[in-house]
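Student: Could we go through the pockets on this one together? I have the model open and would like to take them one at a time.

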Amino acid sequence: MVAEPVNSASCVPEKPVRVYADGIYDLFHFGHAKSLEQAKKSFPNTYLLVGCCNDEVTHRYKGKTVMTEDERYESLRHCRWVDEVIPDAPWVITQEFIDKHKIDYVAHDSLPYADASGAGKDVYEFVKAVGKFKETNRTDGISTSDVIMRILKDYNQYVMRNLARGYSRKDLGVSYVKEKQLRVNMGITKLREKVKEHQEKVGQKLHTVAKTAGMHHGEWVENADRWVAGFLEKFEESCHIMETAIKDRIQEGLKRQQSKVRTNLLQDEPEELIS
């Protein structure tokens, strides 16, 4: 039996489609990863190149980033969907850039991305015009701006968290007064948590006492609530008084320091005039 000739062309693996995605990728999150996953799965055989703008370009056209350019590049290299990272990516994609990297398609969501450089209304305007644009979908509820807003919204809590972990006020860019106020708040919060814990223990003990004394359940609950409420009211009042007193002392200390500085400056002025 004569074997049929094998078509050599059928043995050649299909050439991968080179898809390019770009962005800033600051505080790399799952929304970024899902968009890159969509780009990677655009075709059965995709080679995904991801461009990331450097700090100079990003700060000029978009604003300050939390992560440095090297940190953003490294985050992308550890994403499972990315085949190649292109550092120092251009803000606007040109034909020259497409030719250099042999790009077949550019993947991004379809919303016009304002071109702050002034080259056009949309940074992907050219790519869309030449038919090389591949649309992806944004992930609702997550973005770098959203993450930053969450931190800013609970700013004091995160400062307190880092102070408790050993960061100094200088590391956090916090004033002397702010640090003292936050440390007072930390102490009061811990104290309240302890009181609440003791309150629960006291409630259990009161329940045991009530059973032993043969008190009616409703009468015991009413008495226990009244005792606990009275204690908490006194505790809250004491905490407020203590907090106010500490803040007043801090402010008084700062005023004294400022007064000394002004006095020293006034004393130095005549000497400077004489010299």
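Student: Which residues lie nearest the centre of the largest pocket?

Tutor: Keeping in mind that this is a predicted model, the residues that lie nearest the centre of the largest pocket are I24, H32, K62, Y113 and R138, and they belong to a lining of 37 residues.

Student: Ok, and which elements give two or more residues to that lining?

Tutor: Those elements are β1 (17-23), α2 (30-40), β4 (105-109) and α7 (144-153), and α2 gives the most, with five residues.

Student: What is the volume of the largest pocket?

Tutor: The volume of the largest pocket comes to about 850 Å³.

Student: How does its lining split by class?

Tutor: The lining of the largest pocket has 16 nonpolar and 15 polar residues, together with six charged ones.

Student: And which domains does the lining draw on?

Tutor: At least three residues come from each of domain 1 (17-142) and domain 2 (143-213).

Student: Switching over, what lines the second largest pocket?

Tutor: The second largest pocket is lined by L27, V66, I148, I151, L152, Y155, Y158, V159, N162 and L172, and the elements that give two or more residues to this lining are α7 and α8 (155-164). The largest share, four residues, comes from α8.

Student: How much space lies in it, and how many of its lining residues are charged?

Tutor: About 330 Å³ of space lies in the second largest pocket, and its lining has no charged residues, with nine counted as nonpolar and one as polar.

Note on methods. Residues numbered from 1 in each chain as written. Predicted model: local features only at pLDDT ≥ 70, side-chain atom pairs only at ≥ 80, totals over all residues. Heavy atoms only, no water. 1 Å grid on protein atoms, 1.4 Å probe; cavity = no way out; pocket = protein on both sides within 12 Å on 5 of 7 lines; lining within 4 Å. Points joined across faces, edges and corners; volume = space filled by probe spheres on them. Nonpolar A, V, L, I, M, F, W, Y, C, P; charged D, E, K, R; others polar. Domains from an automatic or database assignment.
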